[in-house]
Amino acid sequence: MLAEHKVLTTNQIAAIEFLSVRRAQDRLRHLRELGVVFAFRESYLRGGTSQTRYALGYLGARLIAAQRAEKPPAPKAYTESLERLALWPKLEHQLGVNDFFCALAAHRNPARLRETGREGEVSGLTQWWSEKRCTEFFWKYLGGGRETRLRPDGYGCWEESGRVVRFFLEHDTGTESLAKVTAKLDDYGAFPTDAFGVLLFSVHSARREIALRAALRRVLAGSDLGFVIATAARDRNAFGHADGPAGPVWGLWTPQGGDNVPRRYRLAELPQRGPSVEHSVSNTDQPLNEAAFDRMDPEMLRWINTAQPEPADPAGYAVDDDDLDDVALYDDADDDDVYRAPARPDALRPRRTRWAA
C-alpha cells in the first residue's frame, strides 16, 4: 500500500489492517526499527505535532523491488526522495485522498472480517488506483500528435448489495479556483468517462459544494456531458456518518437541477458505470484490486480509443420529486515525461514496469 499510495497515517493504516490503533502503532514501531517503513511528523507553529505519517523505508523498497523482480533504488537517491516527501507541497492533499479511500477500505478490514466470521468476503472497496496508475492507463489518442490524459486523484470500485459502482475521485481542498476545477471537465468530456465510472467531487465545505454546483451550471449552460457527476462536502460531519463516504452523503448534479442538494444518496445508490470484471482476473500485485482490469487488456483499450455512443439515459438514476438537480519524487508535473504514452494506439505493448518511489 505504501509503495502504491506514497504515504499513510497511523489511523489510516489502523483502519484498513488492524483492530485498534495501539496494535497498529506496535507493529509500525517494529517495522520502523527494521527500516521497512519511514516515519515522520509535522511540527506546528503553535506547538505540538501532526499524527505520524509513514512512507516506504529503504529496506521496504528493496523488498518490493525483489518481489516484483525489479532493480532496487539507489540508497542515496531514495533517502533524498524521503526527505522531499516530508516537504512535498501536495502532501496534505495526498493524505486527504488516501483518507477518503481508507475510510472505504475500512469496511473490509481483514482483521475485523476474521473477528466477525466473514473472512474471505468480497465487497466494499474492491479497486483502488493511485493518480499515477490512473495517468498511465486513462489516456486517449486524438490524432495529429494530440492526446487527452485523465489525472483523477484516484479511481475506485465500490460493491454493495449486488451493485457495482466505479468512480473517479476529485478531492478538492479549496486551494484551486472554481474555474480551474470546472476546467477539468473538458478532459473528462473528451474521454469516454461514462464507460468507466461516475465522477465524484469531494469538497471541503458545504459552502464550497454550493459554489461548485453553481459554477457547473454556469459553465455547462444546460448542456448534457453524457456522464454522471455527484458532489459531497466533508464539513459538518458529513463524512462522520457511520459508513463514511459510503453513506448517504452524495448529491447528484444535473444540468436542470439547482445549486442545493434536495436528496443525498449512498455511494452504492449512484448509477452503475464501467466494465464488469471477474474478480482477481488481473495480477496487479496490489491489495484492494480484486475488481481491477488489466491495463493492457485490448478490450479496455478499445473502449478508450473507440468513440462511445451516447447512453440512452446518461443519468440513469431515479428522479427526485423535489427536482434533482524515477526518483523525482511525487513531482506530478513531471509525470508526463516519466510515463509518456505511445504516439499511436497500435503502438501499445507491455512494458517492463519501472520502479518509482
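Modeller: Three strands make up an open sheet, ordered E1-E3-E2, with antiparallel pairing. Strand E1 (8–9) and strand E2 (37–40) are the edges, each with a single partner strand, so one side of each has no neighbour in the sheet. Strands here are DSSP runs of E, at least two residues, and helices are runs of H or I, at least four residues, numbered from the N terminus. Two strands pair if DSSP finds at least two bridges between them. E1 and strand E3 (residues 53–56) pair in the antiparallel sense over two bridges. Leu8 has Tyr54 in E3 as its bridge partner.

A word on the basis. This is a predicted model: local features need pLDDT of at least 70, side-chain atom pairs count only at pLDDT 80 or more, and totals for chains, interfaces and linings use all residues. Residues are numbered from 1 along each chain as its sequence is written, and side-chain values use heavy atoms, leaving out hydrogens and water.

Now the patch. Leu34, Leu59 and Leu63 form a nonpolar patch on the surface, with about 280 Å² of accessible area together. Areas are Shrake-Rupley values with a 1.4 Å probe; for residues, only the protein chains shown count as cover.

Leu34 lies in helix H3 (residues 21–34). Leu34 is exposed, at 58% relative accessible area. Leu59 belongs to helix H4 (residues 58–67) and is partly exposed at 36%. The cut-offs are under 20% for buried, over 50% for exposed, and partly exposed in between (1.4 Å probe, protein chains only). Leu34 and Tyr58 are 24 residues apart along the chain, with their C-alpha atoms separated by 10.0 Å.

Note on methods
Patch = residues over 30% accessible without salt bridge, like charges linked within 9 Å, V, L, I, M, F, W, Y side chains within 5 Å. Salt bridge = Lys/Arg side-chain N within 4 Å of Asp/Glu carboxyl O.
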